[in-house]
Each structure stands twice: as structure tokens, then as C-alpha cells.
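Here's a quick tour of one protein model. Take a look at the sequence and the picture, then read on.

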Amino acid sequence: MSKRQPNEVLPASPGSAVDAPAVMSLEGKVALVTGASSGIGRAIALAYAAAGADVVLTYRTNRRGADETADGARAAGRRVESIRADVAVEADVDALADTLRRTFGRVDVWVNNAGADILTGDAARLSRTEKLDRLLAVDLRGTVLASWKAVELMQVQPAGGVILNMSWDHVLGGGLKSEYAQVFCAAKGGVYSFSRALAHSVAPLIRVNVLGPGWIETAYGSELDPAVKQRISTKIPLGRWGTPADIANAAVYLASDAAAYVTGLMLMINGGGVV
Ligand SMILES: NC(=O)c1ccc[n+]([C@@H]2O[C@H](COP(=O)([O-])OP(=O)(O)OC[C@H]3O[C@@H](n4cnc5c(N)ncnc54)[C@H](OP(=O)(O)O)[C@@H]3O)[C@@H](O)[C@H]2O)c1
């Protein structure tokens, strides 16, 4: 990693390469990222590896995607473990923690990124109650269970650790005028509130923060009508959709010592779409 002065400005986003100053290095840390077989989770896992961390990544169905992420992280010279886990299943979450104990003996950064897709493919045809149940089981309950496991591991580590949970910028703005926004706000609003309560409980040893993405180019965005996408862009002050790398850069910051005095925060990465 190149030597930079601590106050030197980082390269402008959107970028994929993390070229961080020393205070943002994750050298020597072990980071776990759930749902790293695609999209934002993959970008975070790769950014963590680029910033110096060894990485444990999880997937549920997309083994090939997880392998691609793992190969990318290994190419950065890091040790990588890939584990299948459904975060809606408590036994899987427990097994995740057991694997961490066995393989690395600790975890410094735990990112609960995994989120159910209720928008594309077969899931788009679920009833609204089924969508609600799935989001609550995966995004909310899965995040709570996994956060508790992270705390269990981190509270016996002298250096503690960092937990990052994935919410949505719209939970602060009331969402949009749609059923889809209501169910997302129900689940992601819970993630936001839970994380703030947890941050109080586990300070000062463990920091807990929340990522609040806005409109980010992942699977959902790629299936949207270009005219709709363009209309959304015009409502974003920074004039474009976000990239997974935009979220990953924020995730590196919050995991690093640069954010040593930051806990209980939701960092919105949304081009100003919700302020
Ligand atoms: N994209 C956006 O605009 C946006 C905005 C706000 C918040 N977010 C949040 O950001 C996170 C990542 O979203 P994304 O757009 O990158 O989605 P994505 O590409 O669909 O990735 C979702 C990841 O979660 C995993 N996953 C799904 N269900 C799971 C389960 N039950 N247990 C464990 N893992 C599971 C998937 O694994 P497999 O594919 O291997 O099954 C995949 O790796 C989600 O929490 C999402 O709600 C996204």
C-alpha cells in the first residue's frame, strides 16, 4: 500500500481501488462479510482485502459468485474463507461464529450485509405478506442474531471490534409511496434502531454503525426500465446512482481506526437523495 499523509484526499468516487492512508488501513484485521456473493457485499469484501484485511465471506445460494469474490480477495494477497450460511437460520449463524473461532480465532469487523431479494426473479411474485416475512427473517432477525454472535466473539477480545449493519437511507425519510417501501422500512428501520440500541450496550469495547445506501446499481437497478432509472437520477442531487464501490469505501472508513470515535451512526451514502 502506498504511503500517504493522514490528511491527504482520497481518490474521487466512483472508484473500485481503495488506496487508503495508514489510518484507514485494515492490515492485520479479520473481517467477516455476509452476503458477499454479489453486489454490495462483494464490493465490501474486495475493498476490505484491498485495505489489508483477511476476509471471511458468506453466501447462501450463489456459490459461483462467492468463489469469484474469494478469488478477487485472494488476488490482493489475503487469506480468505468462504462459508455457506442462511442468516435466517440460527444454527447457520452459530456455525459461522464457530468457524471463525476455529479458523482465525477472532473477528475484528463483522458486516451484516445479507439481504433478501424481494424485487427480482421469482421473489417478485410473492404476496406482500410473504415479502414482509422474508425481509423480517433475513434482514432484521438475521442481523440481530448475527450481531449478537459478533458481540459474543468481540467482547472477549482485548481490542473489541466493529459491527456494521445494512439499512436504507429511506428509513429516515419515510420511504417512497409504495408497498415495497413500507416492507423495506419495516425491516431496515428495525436494523437502524436495533443497531443504535446495541451501540449503547456494547460501547466502549465494540463500535456499531449502520450503512444507509440510497439507489445503488446492483441486480435490482439492472432490471429497471432505463427511463425510470433516469428519472430517479434526476432526483438525486449528485446526479447519478451509487455504485457498490461507493458503499464499500464508506464500509472501509467505518471499519477503520479513522472512525475510532464514531458509533451509533447511520452513514448515508446516497448522493444526497435523502438528507
Ligand atoms: N442495492 C440497493 O440499492 C440497496 C439500497 C439499500 C440497501 N441495500 C441493502 O444492501 C444489501 C446488499 O444488497 P445488494 O443490492 O448488493 O443485493 P444482492 O446483490 O441481491 O446481494 C444480496 C446478498 O445477500 C445474500 N443473501 C440473501 N438472502 C440470504 C440469506 N437468507 N442468508 C444469507 N445470505 C443471504 C445473497 O446470497 P446468495 O445470492 O448467495 O443467495 C447475496 O450475497 C442488502 O441488505 C440490501 O437490502 C441495497
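## Buried, exposed or in between

Let's begin with a rule for counting neighbours: a residue is buried if 20 or more other C-beta atoms lie within 10 Å of its own, exposed if 12 or fewer, and partly exposed in between. Keep in mind that this is a predicted model.

Now try the rule on asparagine 62. It counts as partly exposed because it has 16 C-beta neighbours inside 10 Å. Where in the chain is asparagine 62? Its place is the loop that links strand E2 (54–59) and helix H2 (63–75). If we leave aside neighbours within four places in sequence, asparagine 62 is in contact with Ser37 and Ser38. As for arginine 78, 16 residues separate it from asparagine 62 in sequence, and the C-alpha to C-alpha distance is 22 Å.

## Around the ligand

Asparagine 62 turns up again here: Gly35, Gly39, Asn62, Gly115 and Thr218 are the closest of the 31 residues that surround the ligand. Helix H1, helix H4 (128–154) and helix H7 (219–223) are the elements that give two or more residues to this shell. H1 provides the largest share, three residues.

What kinds of residues make up the shell? There are 16 nonpolar ones, 11 polar ones and four charged ones.

## The sheet

Next, find the open sheet of seven strands, with parallel pairing and the order E3-E2-E1-E4-E5-E6-E7. At its edges sit strand E3 (80–84) and strand E7 (266–269), each pairing on one side only. From one strand to the next, the twist averages 15 degrees.

Zoom in on one pair: strand E4 (residues 109–112) and strand E5 (residues 161–166) run parallel and are joined by four bridges. Asparagine 112 has asparagine 165 of E5 opposite it. Lying across E5, strand E6 (206–213) and E7 is helix H6 (residues 179–202), which runs at about 160 degrees to E6.

In soluble globular proteins, nonpolar side chains tend to be buried together. In this model, the largest nonpolar core has 80 residues, and those touching the most other members are Ala31, Ile44, Tyr48, Val55 and Ala251. Helix H1 (residues 39–50) gives this core its largest share, nine residues.

Which residues does isoleucine 44 touch, not counting those up to four places away in sequence? They are Val33, Ala36, Val111, Asn113, Ile247, Ala248 and Ala251.

Note on methods:
Residues numbered from 1 in each chain as written. Predicted model: local features only at pLDDT ≥ 70, side-chain atom pairs only at ≥ 80, totals over all residues. Core = buried A, V, L, I, M, F, W, Y, C linked by C-beta atoms within 7 Å. Contact = placed C-beta atoms within 7 Å. Near = placed C-beta within 6 Å. Nonpolar A, V, L, I, M, F, W, Y, C, P; charged D, E, K, R; others polar. Pairing = 2+ DSSP bridges. Axes fitted to C-alpha atoms, helices over the stretch in contact; angles between N-to-C directions.
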